[in-house]
Amino acid sequence: MVRTATVVLGAGGLVAQRLQQRLVHHPWFSLAAVAGSARFAGRPLEEVPWVLEEERPTLPNLTVEDIEDSELVERLAQMGVRIAFSALPTEEARRLEPRFAASGIAVFSNASAFRRVAGVPLVVPELNPEALMEPSGNPLVHACATNCTLLPLVLPLAAINERFGVQAYTMRSEQGLSGGGQPYLEAALAAGTVDPEIPGEAEKTDAELRHVLAWEGDSDVRCARVLRRDGHLVVVTVQTRDPVTLEGLLDGLRSWAGNERCAALPSAPHKPLMLVERIDAKAHLFADGLGFSEGPDPSTDLKAGMAVAVGGVACPNPHTVRFEAYSHNTLRGAAGGVVYLAELAVSMDVLGL
Ligand SMILES: NC(=O)c1ccc[n+]([C@@H]2O[C@H](COP(=O)([O-])OP(=O)(O)OC[C@H]3O[C@@H](n4cnc5c(N)ncnc54)[C@H](OP(=O)(O)O)[C@@H]3O)[C@@H](O)[C@H]2O)c1
């Protein structure tokens with residue numbers, strides 16, 4: 001298979017470097033270009049400080065393109081670049097992503113700027129892949145991955161909804177520092193304290209859940225930041241329509257596979273949900289659906305960190321379910337998730353490649 005040439009929008013940020021890491025050995029996509037802000041534009045990619053904990057992989061010999069260059073998109077199109085992975089901040093994404101989409105370079109975005117905007121599908125691969133199909137039959141040119149906090153919430157909730165019907169849920173999150181970006185992470189680690197407030201996060205998470213599940217019901221969502229580098233934990237209580245037994249609940253979670261289109265994709269976890277007794281934030285960070293790697297290399301292991309660990313499962317009465325769930329916010333919740341989404345789009349042949 002010829003690898004499709006891609007560009008990463010963002011050079012030195014957490015998600016931008018996760019994208020570079022995941023694309024460098026990707027079987028379907030190649031890292032053909034990196035476009036960055038003024039702080040790195042024009043510099044060799046190898047001079048951009050590496051901010052991830054794992055060792056920097058051997059990246060291609062590239063000069064960071066200037067994302068503001070008005071001729072950039074045309075030049076990339078001429079180079080054969082067909083996909084842009086965006087790790088831009090919201091305002092830059094709002095301004096710059098449409099330039100790529102308009103020229104036929106399909107944008108897969110981690111930014112929130114176009115989430116739930118008409119004409120730009122917001123997709124979780126296991127849940128609503130059909131949303132990637134343009135009603136007009138035209139190639140897809142712009143799609144968004146969801147908020148990172150949504151993943152550990154919505155995947156187990158979808159499994160419960162399918163089997164028992166979800167009428168209402170409450171969620172409390174404890175979110176890792178890397179969810180706030182590299183400068184935030186560094187400052188919090190240096191200070192040794194963190195402000196738990198994450199303005200707008202609860203509203204965003206609940207709205208995206210309703211969108212991808214096409215669900216309506218009562219909810220109560222509160223999100224908080226905690227002093228942990230990576231990983232988002234959610235504590236969830238669900239009211240169900242149909243009666244639940246603990247045995248049926250465990251079986252429903254264990255056997256849930258999500259949409260069958262996903263199974264063969266390179267970044268798909270072996271299984272989306274992994275049942276554990278209790279969540280261990282260190283041990284369960286790199287869930288892959290079969291096991292929990294310790295310190296995997298995400299540049300070669302595309303599945304590590306892509307599954308959601310589900311623990312503390314309980315059924316205190318026949319219409320109430322409790323669980324905790326945990327996933328890696330910059331892998332499943334960001335770079336891994338958006339590459340997975342592009343793999344899904346390629347497999348569905350919706351990009352006109
Ligand atoms: N961190 C997460 O867990 C997570 C999860 C889901 C979604 N997201 C979203 O992903 C995006 C990136 O987040 P992050 O965690 O990587 O943040 P970050 O570590 O703070 O990095 C910021 C990124 O934004 C780029 N940037 C900053 N100012 C820019 C400008 N004026 N013009 C163009 N690019 C600019 C930087 O590019 P240069 O390096 O080239 O300066 C850098 O790649 C955000 O939209 C965020 O909401 C993050």
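Modeller: Some ground rules. This is a predicted model, where local features need pLDDT of at least 70, side-chain atom pairs count only at pLDDT 80 or more, and totals for chains, interfaces and linings use all residues. Residues are numbered from 1 along each chain as its sequence is written.

Now to your helix. H1 is largely enclosed by the rest of the structure, because 10 of its 10 residues are buried (buried means that 20 or more other C-beta atoms, placed from the backbone, lie within 10 Å of a residue's own). Among them are Leu 14, Arg 18 and Leu 23. Helices here are DSSP runs of H or I with at least four residues, strands are runs of E with at least two, and both are numbered from the N terminus.

What does H1 pack against? Its buried residues meet strands S1 (4-9), S2 (29-36) and S4 (81-86), plus helices H5 (182-191) and H8; contact means C-beta atoms, placed from the backbone, within 7 Å. S1, S2 and S4 belong to an open sheet of 6 strands, ordered S3-S2-S1-S4-S5-S6 with parallel pairing; strands pair if DSSP finds at least two bridges between them. The edge strands are S3 (65-66) and S6 (142-144).

Next, the domains, whose bounds come from an automatic or database assignment. Domain 1 covers 4-147 + 336-347, and domain 2 covers 150-328. Between them, 31 residues of domain 1 are in contact with 31 of domain 2. On the domain 1 side, H1 (14-23) and H8 (331-347) each supply at least two residues, and the largest share, 7 residues, comes from H8.

H1 also turns up around the ligand. The shell there has 30 residues, the closest including Gly 12 and Gly 13 (a residue is near a molecule if its C-beta atom, placed from the backbone, lies within 6 Å of it). H1, H3 (90-102), H5 and H8 each give two or more residues to that shell, with the largest share, 3 residues, coming from H1.

How values were computed. Two residues are in contact if their C-beta atoms, placed from the backbone, lie within 7 Å. A residue is buried if 20 or more other C-beta atoms lie within 10 Å of its own, exposed if 12 or fewer, and partly exposed in between; C-beta atoms are placed from the backbone.
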